[in-house]
Amino acid sequence: MSDWLKWAAPAAAVVSIASPAYAMQYMSVEEAQKAAFPGASFAEVQAGRVWKASSGGYIYYDHVVGKHLLIDYTVAIGADGRVRRVDILNYRESYGGEVHDASWLGQFVGKSSQNEVRINSDIRNISGATLSSTHLTEGVKKVLTYHASHFH
């Protein structure tokens, strides 16, 4: 075995075995449902995507592409058609995880399909997470528009 291979092979094995895992699972759909509508039970309206809360309102499960990878999220919409809560369930990118911050997600609360819901307008951008914040904002707007046309 050459000296180079004797020294490089163990390092290569460690690098290939210990490659970083960036995926973060923050919560499940069920946990998001309970956080948005405490004490409610849920009836599935659209398989694996939309549930109606017994207390009124709906919760939507969706995903968008961050920069390269999927971001799973839920949007809880109250009986009044306004966002009650947005939760990030899974974030897979190696950077831009600031979209999980409660202060950023809180900007969506109270928004309806009548609001612009647009980055650099009524939703602030996150420097270093521009694509993730833009795509999540577009996703929430899409859910609000769908909800208004189907359930409100």
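Where is K111 found? K111 sits in the loop between α3 and α4. The legends below start with the whole chain and return to this residue at the end.

This is a predicted model: local features need pLDDT of at least 70, side-chain atom pairs count only at pLDDT 80 or more, and totals for chains, interfaces and linings use all residues. Residues are numbered from 1 along each chain as its sequence is written, and side-chain values use heavy atoms, with hydrogens and water left out.

**View 1. The chain has 4 helices and 6 strands.** Helices (H or I, at least four residues) and strands (E, at least two) are DSSP runs, numbered from the N terminus. Along the sequence the pattern reads α-β-α-β-β-β-β-β-α-α. Buried residues, those under 20% relative accessible area (1.4 Å probe, protein chains only; exposed is over 50%, partly exposed in between), make up 39% of the 152 residues. Contact means heavy atoms within 4.5 Å. Among contacts between residues at least 6 apart in sequence, 47% join residues at least 24 apart.

**View 2. Six strands form an open sheet, in the order β1-β6-β5-β4-β3-β2.** The pairing is antiparallel. The edge strands are β1 (24-25) and β2 (42-46), and each pairs on one side only. Two strands pair if DSSP finds at least two bridges between them. β1 and β6 (residues 83-91) are joined by 2 bridges. Here Q25 has N90 of β6 as its bridge partner.

**View 3. β2 and β3 make a hairpin with 3 residues between the strands.** The two strands run antiparallel, joined by 4 bridges. E44 stands opposite W51 in β3. In this hairpin G48 takes a positive phi near 70°.

**View 4. In helix α2, V29, A32, Q33 and A36 are buried.** Seen down the helix axis, the buried residues fall within an arc of 105°, so they line one face of α2. The arc is that of the directions from the helix axis to the C-beta atoms. An α-helix has 3.6 residues a turn, so residues three or four places apart point the same way. What covers the buried residues of α2 includes β2, β3, β4, β5 and β6.

**View 5. Helix α4 (residues 130-150) lies across β2, β4, β5 and β6.** Its direction runs at about 40° to β5. Axes are lines fitted to C-alpha atoms, for helices over the stretch in contact, and angles run from 0 to 180 degrees between N-to-C directions.

**View 6. The largest nonpolar core holds 25 residues.** A nonpolar core is a set of buried Ala, Val, Leu, Ile, Met, Phe, Trp, Tyr and Cys residues joined through side-chain atoms within 4.5 Å. Y73, V75, W104, F108, L136 and V140 touch the most other members. β4, β5, β6, α3 (102-105) and α4 each supply at least two residues. Beyond its neighbours within four places in sequence, L136 contacts V64, I71, Y73, I88, V99 and W104. A second, separate core of 12 residues includes A36, W51, A53 and I59.

**View 7. K111 lies in the loop between α3 and α4.** Is K111 buried or exposed? K111 counts as buried, because its relative accessibility is 15%. Its side chain makes a polar contact of 3.4 Å with that of D122. A polar contact is a pair of N or O atoms within 3.5 Å; within protein, one must be able to donate a hydrogen and the other to accept it, and residues adjacent in sequence count only if both atoms are side-chain atoms. Leaving aside neighbours within four places in sequence, K111 touches G81, R82, V83, V117, D122, I123 and L144.
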